[in-house]
Amino acid sequence: MSLFDTYDESRTAVLNPWNVYKPVEDFPETVIMTFGSKILDIALQQFDCQPIIEMGYSSGQHKICRFDTPGKTLGICRVPMGAPMTVAMMEECIAMGAKNLVIFGSCGTLDRNIPAGHLIVPEA
């Protein structure tokens, strides 16, 4: 028996974020996710941030907070380093009601032609 004999055409996974996290009333449609704590600390100091939910992972507890700006309510959280944990948190935010995710942080590069501190915008 090969993999092709057992392929399941269903687009729904066996385990999904919405099996664990349900929609949260008034969850912000736009959530800012950052890898560093400095941006989160600035937001917590400058805005009246209210915790919405605290999610526990192997890397620790991660709070999602909401705050109001003129004309828009936003969410903000620090995501753990590493793509798998970040994607898990992204999917869980979407399951709770997020429609837009703004994700940013710092990174390294193997290209010596890109000096430290320069902006990199991934396109693919």
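Colleague: Why is Asp26 called exposed?
Modeller: In this predicted model, Asp26 has a relative accessibility of 55%. Exposed means over 50%, so Asp26 at 55% counts as exposed.

Colleague: Where is Asp26 found?
Modeller: Asp26 sits in the loop that runs between α1 (17–20) and β1. Its phi is positive, about 60°, although Asp26 is not a glycine.

Colleague: Let's move on to Phe35. Why does Phe35 count as partly exposed?
Modeller: The relative accessibility of Phe35 is 22%. Buried means under 20% and exposed means over 50%, with partly exposed in between, so Phe35 at 22% is partly exposed. You will find Phe35 in the loop between β1 (30–34) and α2.

Colleague: What separates the C-alpha atoms of Phe35 and Phe104?
Modeller: Those C-alpha atoms are 6.7 Å apart, while Phe35 and Phe104 are 69 residues apart along the chain.

Colleague: I have Phe47 on my screen too. What makes Phe47 partly exposed?
Modeller: Phe47 has a relative accessible area of 31%. With buried under 20% and exposed over 50%, a value of 31% falls in between, so Phe47 is partly exposed. Phe47 belongs to the loop between α2 and β2 (50–57).

Colleague: Which residues form the nonpolar patch on the surface?
Modeller: They are Ile39, Ile42, Val102 and Phe104, and together they have about 300 Å² of accessible area. Both α2 (37–46) and β5 (100–104) supply at least two residues of the patch.

Colleague: How far is Ile42 from Pro23?
Modeller: Their C-alpha atoms are separated by 28 Å, and the two residues are 19 apart along the chain.

Colleague: Now for the largest pocket. How many residues line it, and which lie nearest its centre?
Modeller: The lining has 14 residues, and Gly105, Ser106, Cys107, His118 and Ile120 are nearest the centre. The space in this pocket is about 350 Å³.

Colleague: What kinds of residue make up that lining?
Modeller: Eight are nonpolar, six are polar and none is charged.

Terms used:
Residues numbered from 1 in each chain as written. Predicted model: local features only at pLDDT ≥ 70, side-chain atom pairs only at ≥ 80, totals over all residues. Heavy atoms only, no water. 1 Å grid on protein atoms, 1.4 Å probe; cavity = no way out; pocket = protein on both sides within 12 Å on 5 of 7 lines; lining within 4 Å. Points joined across faces, edges and corners; volume = space filled by probe spheres on them. Nonpolar A, V, L, I, M, F, W, Y, C, P; charged D, E, K, R; others polar. Patch = residues over 30% accessible without salt bridge, like charges linked within 9 Å, V, L, I, M, F, W, Y side chains within 5 Å. Areas by Shrake-Rupley, 256 points an atom, 1.4 Å probe, with all protein chains shown as cover. Salt bridge = Lys/Arg side-chain N within 4 Å of Asp/Glu carboxyl O. Helix = DSSP H or I, 4+ residues; strand = E, 2+ residues; numbered from the N terminus. Buried < 20%, exposed > 50% of the residue type's maximum accessible area, 1.4 Å probe, protein only.
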